Amino acid sequence: MAVTSQQIAELAGVSRGTVDRALHNRGRVNPDVAARIHKIAAELGYKPNMIGQALVRTKRDFLLGAILQSADTPTMQIVASGARQAAAELRGSGVDLQLCEINGLDIAKVMEEIDRLVEKGVRGIAIAPSNAPELTERINELAEKGIPVITMNSDLPASRRLCFIGMDNYRAGQTAAYLMHELLLAGGGGRVFPLAGHLNNTAHNSRLNGFFDALRAAGADDIELLPFQPCFDRDDYAYEITQHVLKESPGLAGIYVASNGQQGVCAAIAELGLSGRVRVIAYDLNAPNMQLLQEGSLSFAIDQVPFEQGYRPPLLLYDYLLYEKKPEKQLLYTDILIRTKYNSDLPEAFLSGPKPEAPRRKDG
């Protein structure tokens with residue numbers, strides 16, 4: 001099996017970009033580090049890909065794209081930071097990674113960005129998709145043209161994408177159901193309200209389905225599920241919806257947030273003096289959720305390692321295009337990590353900062 005620059009980087013304890021600069025005499029590399037890299041490469045029998053070298057001689061000829069939707073959410077900002085780190089590492093190898101950040105779900109904007117990248121000669125694209133049928137069709141067209149696509153954070157399994165990188169959202173929903181059942185068991189159960197994000201987001205739907213199916217399979221007759229509602233990843237919508245549900249369902253025991261919106265949920269609970277009495281389970285370890293965990297407003301946050309979801313796709317595309325190295329599997333799942341106030345880090349300065357005001361619905 002061909003040796004890759006990533007394997008050499010791991011053995012040398014440096015980045016992939018440093019390996020490529022040392023092996024191809026591009027840029028400045030510490031002489032001792034360069035010597036170590038050349039020694040490891042020789043011992044492993046590394047042979048550079050001549051086609052790949054030709055491709056990276058001009059950045060114009062090796063363009064990668066990354067398209068993020070819901071980029072205005074804290075979690076997708078972590079995904080974006082992963083993509084930027086990958087871009088920095090690949091830049092030394094002559095690769096130009098262009099990152100497009102789209103607020104909310106906007107299929108028209110996604111299609112425009114794909115067209116723009118294709119017109120500029122893109123070699124591969126990573127996309128955080130919605131489940132719009134036209135996007136599945138477009139990814140299939142790209143595959144026909146030899147432009148691989150990797151889905152990240154959310155998947156389009158019916159498409160001809162190269163692979164998916166993200167959490168197993170169905171199993172994450174099952175995990176949340178187990179946690180909610182255990183939380184409410186001592187109190188005899190109660191009503192639980194599920195809050196969704198976007199109805200056309202595969203990840204959000206999978207989390208809901210996993211949650212519902214796990215509770216049914218467990219025979220959790222002590223838990224009454226209320227009809228779910230979408231908040232479109234908006235805290236002001238989540239705040240208003242939660243206030244209404246709390247007033248209409250006295251004695252509500254728990255809220256399951258399958259998307260973003262947990263800040264609005266927790267603000268509504270606090271405003272009605274129900275903090276600690278209504279248990280909340282949400283997703284992702286980001287700065288707002290760290291604060292909510294420390295305050296006790298969130299019982300659990302299910303972390304999906306979003307940095308990895310942005311970081312790995314460009315590197316996988318690079319290996320696939322230059323070295324014909326396919327991903328090990330089509331489904332590359334990140335970990336499902338259960339975070340509490342005791343295993344989440346939060347800077348003291350953040351804890352002592354001003355508390356956010358209760359989100360209120362805004363027009364538009």
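## Charges over rings

Arg234 lies over the face of Tyr237, at 4.1 Å from the ring centre. A charge counts as over a ring if NZ of Lys or CZ of Arg is within 6 Å of the ring centre and within 35 degrees of the ring normal. The charged end of Arg207 sits over the ring of Tyr283, 4.1 Å from its centre.

This is a predicted model, in which local features need pLDDT of at least 70 and side-chain atom pairs count only at pLDDT 80 or more, while totals for chains, interfaces and linings use all residues. Residues are numbered from 1 along each chain as its sequence is written, and side-chain values use heavy atoms, with hydrogens and water left out.

## Aromatic pairs

There are nine aromatic pairs in the structure (Phe, Tyr or Trp rings, the six-membered one for Trp, with centres within 6.5 Å; planes under 30 degrees apart are stacked, over 60 edge-to-face, the rest tilted). Phe232 and Tyr237 form an edge-to-face pair, 6.4 Å centre to centre with 85° between the planes. Tyr237 is buried at 17% relative accessible area, and Phe232 is partly exposed at 39% (buried is under 20%, exposed over 50%, partly exposed in between; 1.4 Å probe, protein chains only).

Ring pairs also join Phe211, Phe212, Phe228, Tyr256 and Tyr283 in a cluster.
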